[in-house]
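Here is a short briefing to read alongside the sequence and the 3D view. Please keep both open as you go through the points.

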Amino acid sequence: MQKVDIAIVGAGMVGLTLAAALANSALRVAVISQAPLAAPIPDQPLLRVSAINQVNQQALAELGVWQRLPDKRVAGYRHMHVWDKDSFGHIHFHASDLSTDNLGYIIENQVLTNALAEQVDSLANVVSIQAGVDKILTGEQETMLMLDNDDVIACQLLVGADGANSMVRRHAGFPITFRDYAHNAIVATVKTAQPHGATARQVFTPQGPLALLPLADPHLCSIVWSQQTARAEALMQQEEQAFAQTLTATINSALGPVTLASERHMFTLTMRYARQWADNGVVIVGDAAHTIHPLAGQGANLGMQDALALAVHLQNLQQQGKNISRHRYLRAFERARKTEAMKMVAAMDGFKHLFEGNNPLKKLVRSSGLAFTNQLPAVKRKLIEQAMGW
Ligand SMILES: Cc1cc2nc3c(=O)[nH]c(=O)nc-3n(C[C@H](O)[C@H](O)[C@H](O)COP(=O)(O)OP(=O)(O)OC[C@H]3O[C@@H](n4cnc5c(N)ncnc54)[C@H](O)[C@@H]3O)c2cc1C
């Protein structure tokens, strides 16, 4: 049996960010993951990517993670163009307006996970364990984790960073509010005839948004095409060429003809919000605590902020000689991050609702809203600062 102060179940972007942020603290940490922490990266871009905002980029640089990313797999974007398919409403953002190099970065999830894993492996106070958690036994002073490799981990605090179907959340009995977004997201890599120009594009159609996220290759983009379920299923059924033509038409040929450069994958989109995040001996972060619509690319960003906030909170408690496992001391973290997640859930609901459908009033609001906002530098600045995580 191994004894640690903190056992993190789940080594996705969020669990590993937490482990990395606990570097050099007096806390002993175990990260437990079913899958190997790192995986080989093929030459072709992987399907799952995330837009990482500037605040998290800076945090990852401070943790020594950003420097480990291979340059060729990090795509900074300098411009953002958002428009409404059925109106003249559009808005442009430029990094130069904020005197910054990039508005954000598109990175394959596994590439970022690998860099985080490398950093975590170099930490003296963190041990990584590749195993699934079979059973959790909660005692008054400590929690025991029975692993499927027959090991047992005893910890003061169990952190659930184990994703949307979190076993830790279920074990803790934290209730969730959830709702089917009635959207499915199709992800794929596409090749564009014209270079993407380091611009992240998003078009809102009445059936849902389509994002083209620029990759390091100037002619490759990752798409996230969220559509009402029946329409998404129909798009998945289309032959590759027909799919590419529909895609090209949806973005008004903004980058010339588009062709598929990968297979397509479809994800069901569900809003989940845990109504409790902490109790004695247990806390949850990331997708274990919330899942949101990917239309603004904020899920992982939000989760990484949970992880960073929890790391600071736990180190403060430890330095003050307080018991890190007591709910009364975890409440401040829980309250603060629940509020941020709730605001994000509400914002995504608002965007989705406003940009969906053919209601003439909504059409007017979105077209004039986008056009006005595009003319108002102060409002535009506020919006982009939010997207960058400031
Ligand atoms: C189509 C799409 C596009 C998106 N785009 C963006 C974007 O551009 N920007 C952004 O910020 N977010 C984006 N997101 C959201 C983002 O992908 C998630 O919020 C993020 O991956 C969540 O990370 P996590 O570490 O909390 O969970 P996960 O990535 O789900 O990781 C959980 C880990 O826990 C492990 N695990 C689970 N159960 C156990 C167990 N019992 N024992 C051991 N290990 C276990 C799993 O193997 C996994 O490694 C997008 C989401 C979707 C669906």
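The notes below cover the ligand site, the salt bridges, a surface patch and some individual residues.

This is a predicted model, in which local features need pLDDT of at least 70 and side-chain atom pairs count only at pLDDT 80 or more, while totals for chains, interfaces and linings use all residues. Residues are numbered from 1 along each chain as its sequence is written, and side-chain values use heavy atoms, with hydrogens and water left out.

**Ligand site**

- The ligand is surrounded by 31 residues, and the closest are Ala-51, Asp-287, Gly-297, Ala-300 and Asn-301; a residue counts as near when one of its heavy atoms lies within 4 Å.
- Sorted by class, this shell holds 16 nonpolar, 12 polar and three charged residues. Here Ala, Val, Leu, Ile, Met, Phe, Trp, Tyr, Cys and Pro count as nonpolar, Asp, Glu, Lys and Arg as charged, and the others, Gly among them, as polar.
- At least two shell residues come from each of α1 (13-21), β2 (29-33), β3 (49-53), β12 (176-192) and α7 (299-319). Helices (H or I, at least four residues) and strands (E, at least two) are DSSP runs, numbered from the N terminus.
- A polar backbone atom of Val-14 sits 3.1 Å from an oxygen atom of the ligand; a polar contact is a pair of N or O atoms within 3.5 Å, and within protein one must be able to donate a hydrogen and the other to accept it, with residues adjacent in sequence counting only if both atoms are side-chain atoms.
- A nitrogen atom of the ligand lies 3.4 Å from a backbone N or O atom of Val-133, and a nitrogen atom of the ligand lies 3.3 Å from a backbone N or O atom of Gly-299.
- On its own the ligand has 1000 Å² of accessible area, and the protein covers 82% of that. Accessible areas come from the Shrake-Rupley method with a 1.4 Å probe; for residues, only the protein chains shown count as cover.

**Salt bridges**

- How many salt bridges does a search of the whole structure find? There are eight, each defined by a side-chain nitrogen of Lys or Arg within 4 Å of a carboxyl oxygen of Asp or Glu.
- Lys-3 is partly exposed at 49% relative accessibility, and Glu-142 is partly exposed at 28%. The cut-offs are under 20% relative accessible area for buried and over 50% for exposed, with partly exposed in between (1.4 Å probe, protein chains only).
- Glu-118 and Arg-68 form a salt bridge with their closest N and O atoms 3.0 Å apart. Glu-118 belongs to helix α3 (residues 109-121) and Arg-68 to the loop between α2 (54-62) and β4 (74-77), so the pair ties together parts that are 50 residues apart in sequence.
- Lys-343 and Glu-340 meet through their side chains in a salt bridge (3.3 Å, N to O). They are separated by about one helical turn because they are three residues apart in helix α8 (residues 327-355).

**Surface patch**

- Phe-372, Leu-376, Val-379 and Leu-383 make a nonpolar surface patch of about 370 Å². Patches are made of residues with over 30% relative accessible area and no salt bridge: like charges are joined within 9 Å, nonpolar side chains (Val, Leu, Ile, Met, Phe, Trp, Tyr) within 5 Å.
- Leu-383 is in helix α10 (residues 377-387) and is partly exposed, with a relative accessible area of 37%.

**Individual residues**

- Ser-33, in strand β2, is buried at 7% relative accessible area. A polar atom of the Ser-33 side chain lies 2.5 Å from the backbone oxygen of Ala-35.
- Thr-270 is part of strand β17 (residues 265-274) and is buried, with a relative accessible area of 17%.
- Asp-150 is not a glycine, yet has a positive phi of about 75°; Asp-150 is located in the loop between β10 and β11 (152-160) and is exposed at 72% relative accessibility.
- Ala-182 also is not a glycine and has a positive phi of about 60°; Ala-182 is in strand β12 and is partly exposed at 40% relative accessibility.
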